[in-house]
There are 2 protein chains.
Amino acid sequence: MVVVGAGISGLTAARRLVQAGAGSVLVLEANDRVGGRTENLDAGNGVITEGGGQWVGPGQDRVLALIDELGLTTFKTYVQGKSICLRNGNRQTYEGTMPPIGPDALADWVQLQTRLEQMASTVPAEAPWDAQNAIEWDSTTFGAWLDSNSASAEAKWLFTLGFSIIFAEDPHNTSFLRALQAIGTSGGVEHMFNTTGGSQESRIVGGSQLISQRMADQLGDRVVVGSPVTEISQESQGVVVTSARTQVRCERVIVAMAPADAERIRFAPGLPGRRAMLQRKWHNGTENKLAAIYDEPFWRGQGFSGQAMTDLPGAPYVIDNSPPDGSVGILLTFIGTAGYGPGLQWSDAILDDPGSRRSAFLNGLTTLFGPKAAQPTRCVEKDWLHEPWIEGGVSTRAPGTLTQYRNAAREPVGRIHWAGTETGILYEGYMDAAVSAGERAADEVVQKL
Amino acid sequence: MVVVGAGISGLTAARRLVQAGAGSVLVLEANDRVGGRTENLDAGNGVITEGGGQWVGPGQDRVLALIDELGLTTFKTYVQGKSICLRNGNRQTYEGTMPPIGPDALADWVQLQTRLEQMASTVPAEAPWDAQNAIEWDSTTFGAWLDSNSASAEAKWLFTLGFSIIFAEDPHNTSFLRALQAIGTSGGVEHMFNTTGGSQESRIVGGSQLISQRMADQLGDRVVVGSPVTEISQESQGVVVTSARTQVRCERVIVAMAPADAERIRFAPGLPGRRAMLQRKWHNGTENKLAAIYDEPFWRGQGFSGQAMTDLPGAPYVIDNSPPDGSVGILLTFIGTAGYGPGLQWSDAILDDPGSRRSAFLNGLTTLFGPKAAQPTRCVEKDWLHEPWIEGGVSTRAPGTLTQYRNAAREPVGRIHWAGTETGILYEGYMDAAVSAGERAADEVVQKL
């Protein structure tokens, strides 16, 4: 068997195939590293900061089981102390998960959340296109719904900001049906927003890329990096997979890539229409991660958690990303490099110039945490927009995509099976769905043996 | 100078550069033919039927001038006799442009058209993102607007069907702002729908690909086909363009491709964020063209124009595509191969199997024009979904694209200038915009000499 892609999903699939005794297994990876959309970045002195997916939380059973199986451990995201909410120059601190908003805004937040979760409960997890209002909801955007249904500017701002970070694109791009599906299959709005008790609760000791590195170590020379697959040809007796380094004939192939990335492969015969269009039209959100590294997490001593939600262009959402022992301090933010529409407006300089992004980031941190924040020992940026072989980070959908291409993301095409977080059901877009999708694709192949 | 892409836009740009004496000019084309999204298909006995863009109409001054300049001629689309409207088994014939709908549906059609054209008039042609309601309109889809604002099922059906064919995708995918911009810059709703007096008024004698072939003949060995460009590197003194066959250093380069197709090229340094995301998120609509060729245009003798609007899955819109002398008869339809959502629902068999598509097409034609239609001398299908090097046909936009990436489609990036119909202002997506965009890009380069 051949697996294309050595991210968490592909490596999970390969490992399950080996465990099931499914014959010889080969993983072909285009990049010169494993991990896909997880990557440990060097923060100096043996410390890492995660450049991609990094958090796990309650309910994400498949990734938590895998972490355990691989002998890895998790630790809690740092949340002690005061968090900061800064908007229109108005700075407030708060403890816990909910920023301090006025009573009207709070009531509005509650009605928005309640209605979203009620609607989400009518969307079938495995077949959102079968929801009674599927076409209506898939014909508009989450942003348009928020604009029409929020009564307070504050609540709307919090929703738009939070989901801009979560989806890595402005909600005005995102199908409202996809947003509802995500809310319904990712534990609800608060789970998606929260650290403690939510999807940002814990991190992996040593960094999330270790999940893939451990699996790759176990798979040994079954994993070939630097070998982009260029063609997958189905023949009557099997599949021929051609990569830059090798050509392999096998019984079945698992393609464990984001749909848009699979578009780089030539398929013979051509893919069915729905799958072909899905690959073209399903484009993930993209945002860069910027981390500032300090000698120590100085904000902790001042009673701050390091977390902030703001309208500062260089630091819209900030969180403490220090290593578990706090041996150095790391503050992390997200910046979309392509403009975010009405939700988050960045200048062309911030969008196009890494130096301007870094300045805006440090200016924002200084506004939030004082002059010490202006003097990091180093800054690290992970630029996902220009990452070779990987397009975008987080799973979203343009209007029309779900109702028109339906299950094309995971429906096998002859001897081709599909993995990748985009083909998972629960926590799609998170590491958890990468694991469950890899397991499901391996099961599909094993069933056919 | 190097031009990437030998469609109408690239060849127009190259020809204008030569005419302006702008030094040596080289056109690099990935495909083994010129013409891009225009292609003459062999219909037997020296007759062609157009596989791509084919019509021109009043107001499309740039392409009409070019046709004239190249010594080509046009002829009127055949419209004599009765057209057919068939819906829910109810068959009616009519003459002229407007299908026979009831008085309520007609009133509804008029109010929809009036409101659309009024809103379209508030959208600046060159900067639709500056419209007062830009964010609201770019956050929803044309289909959602039609669903909410049409009072009669009949008028809604006609609008949805017509615009599904025009945009080559279901309006439930299309940004409402883009739909308004298109209406405002393409002569209005009737111009977009109509043959006589509209965008489907005339065809080119010998087929639309002749426009490109004539220009390529004039440019001679300046045009190199079968040479996909893989990289464009900007350096301080110029640009290095690398293709499969050659590497050229030049002063400036014009990329004359649909934005999504430019994504196949590696750019160094990486493109600015907005342009990079535009290329990923701007995906055109795609539909196949099917033509049935008969010994004679037998429907004409029976008093039919050959034109029909129907809910038959294999023949939603039919038009006479015979050669000017009527020496053979050709009926043409459009089928989307990826599912169209609520507007047009096709079975998986029709979407995925050319044989089923052909059967559905001939069944539809037989329902419309009688048993003779079941016996063509041949059928020709142009499959744009699986066309190498070219993605999609017609210019649309997903919600959010216009307001977020704004003028990134045509704003030069250093020494890179952009052409292609998607960078035109008037009649974007038509051949006319391909011509005006090629001329504009050539002008930009000449200004820099």
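Reply: Angles under 35 degrees count as roughly parallel, those over 145 as roughly antiparallel, 65 to 115 as roughly perpendicular, and the rest as oblique. The model is predicted, so that local features need pLDDT of at least 70 and side-chain atom pairs pLDDT 80 or more, whereas totals for chains, interfaces and linings use all residues. Residues are numbered from 1 along each chain, chains are lettered from A and ligands numbered from 1 in written order, and side-chain values use heavy atoms without hydrogens or water.

Helix 2 (residues 61-69) and helix 16 (residues 431-447) of chain A have axes 7 Å apart and pack at about 80°; they are therefore roughly perpendicular. Helices are DSSP runs (H or I, at least four residues) numbered from the N terminus, and axes are lines fitted to C-alpha atoms over the stretch in contact, with angles from 0 to 180 degrees between N-to-C directions. Helix 2 of chain A contributes A:D61, A:R62, A:V63 and A:L66, and helix 16 of chain A contributes A:M431, A:D432, A:V435, A:S436 and A:E439; contact means heavy atoms within 4.5 Å.

Between the chains, 42 residues of chain B meet 42 residues of chain A. Together they bury about 3,300 Å², 50% of it on carbon and sulfur atoms, buried area being the accessible area (1.4 Å probe) lost on assembly, summed over both parts. There are 4 salt bridges between chain B and chain A, a salt bridge being a Lys or Arg side-chain nitrogen within 4 Å of an Asp or Glu carboxyl oxygen. B:R274 and A:D348 form a salt bridge, at 2.1 Å from N to O.

Key: Helices (H or I, at least four residues) and strands (E, at least two) are DSSP runs, numbered from the N terminus. Buried area is the accessible area (1.4 Å probe) that two parts lose on being put together, summed over both.
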